[in-house]
Amino acid sequence: MFREVNGLPGHVLVIHAVVVLVPLLALLTVAYGVLPRWRPRLDWAVLALAVVTPILAWVATESGEELEEVLESRGYPAEGLQKIHEHSEYGETLLWFTLGLAVVALLLVLSTKGYARIRDLPRWVPIALTAVAVVLAVFALVYVYLTGDSGAKTVWDGIV
């Protein structure tokens, strides 16, 4: 399912969305948390990104694993497969940070919306969620870089 789209490796197509949307989710979630005046303008974007971004990160991970299996079956050299495996590990970690950030983003938006049941929450909940979002955003950004850099090096060094 994730191997090819119109003859092109699916991984190559979806990673570009992940490279754009993960940093966007990170930045907008942090902005939503620290800039209360902007919340009415950012809430829809944060919610949409919190739903779409982890799905695309998962698709990128799955399609990358499919590509890795194809390369293994074609007998790629062990050194190249090791670099691809390292890239794969970064991608797996990125998926978990993205998923965590998305959950925190959803909780942050919900905790600030003023719904009847939510009004009873302590005032520190949005502050704590913002702090967690900042930490997860930093890790997500670091792993977007590490994953993208290791993947690009495997391509540009002629491994793939």
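Asp149 forms a salt bridge with Lys153, and their closest N and O atoms are 3.3 Å apart. By salt bridge I mean a side-chain nitrogen of Lys or Arg within 4 Å of a carboxyl oxygen of Asp or Glu. The two residues sit four apart in helix H4, so about one helical turn separates them. An α-helix has 3.6 residues a turn, so residues three or four places apart point the same way. Asp149 is partly exposed at 27% relative accessibility. Lys153 is partly exposed too, at 46%. The cut-offs: buried is under 20% relative accessible area, exposed is over 50%, and partly exposed lies in between, with a 1.4 Å probe and protein chains only.

A word on the source. This is a predicted model, where local features need pLDDT of at least 70, side-chain atom pairs count only at pLDDT 80 or more, and totals for chains, interfaces and linings use all residues. Residues are numbered from 1 along each chain as its sequence is written, and side-chain values use heavy atoms, leaving out hydrogens and water.

How many salt bridges does the rule give? Two. The other one joins the side chains of Asp43 and Lys113, at 2.4 Å, N to O. This pair links distant parts of the chain, 70 residues apart: Asp43 is in helix H2, residues 39-73, and Lys113 is in the loop between helix H3, 78-111, and H4. Asp43 is buried, at 12% relative accessible area. Lys113 is partly exposed, at 35%.

Now H4 itself. Helices here are DSSP runs of H or I, at least four residues, and strands are runs of E, at least two, numbered from the N terminus. H4 covers residues 124-156, which is 33 residues. From first C-alpha to last it reaches 47 Å, close to the expected 48 Å. That expected span is 1.5 Å times one less than the number of residues. Just after H4, Gly158 takes a positive phi of about 80°.

Next, helix packing. Axes are lines fitted to C-alpha atoms, for helices over the stretch in contact, with angles from 0 to 180 degrees between N-to-C directions. The axes of H3 and H4 come within 8 Å and cross at roughly 155°. That makes H3 roughly antiparallel to H4; angles over 145 degrees count as roughly antiparallel, under 35 as roughly parallel, 65 to 115 as roughly perpendicular, and the rest as oblique.

Last pair. The axes of H1, residues 10-34, and H2 come within 7 Å and cross at roughly 150°. H1 is therefore roughly antiparallel to H2.
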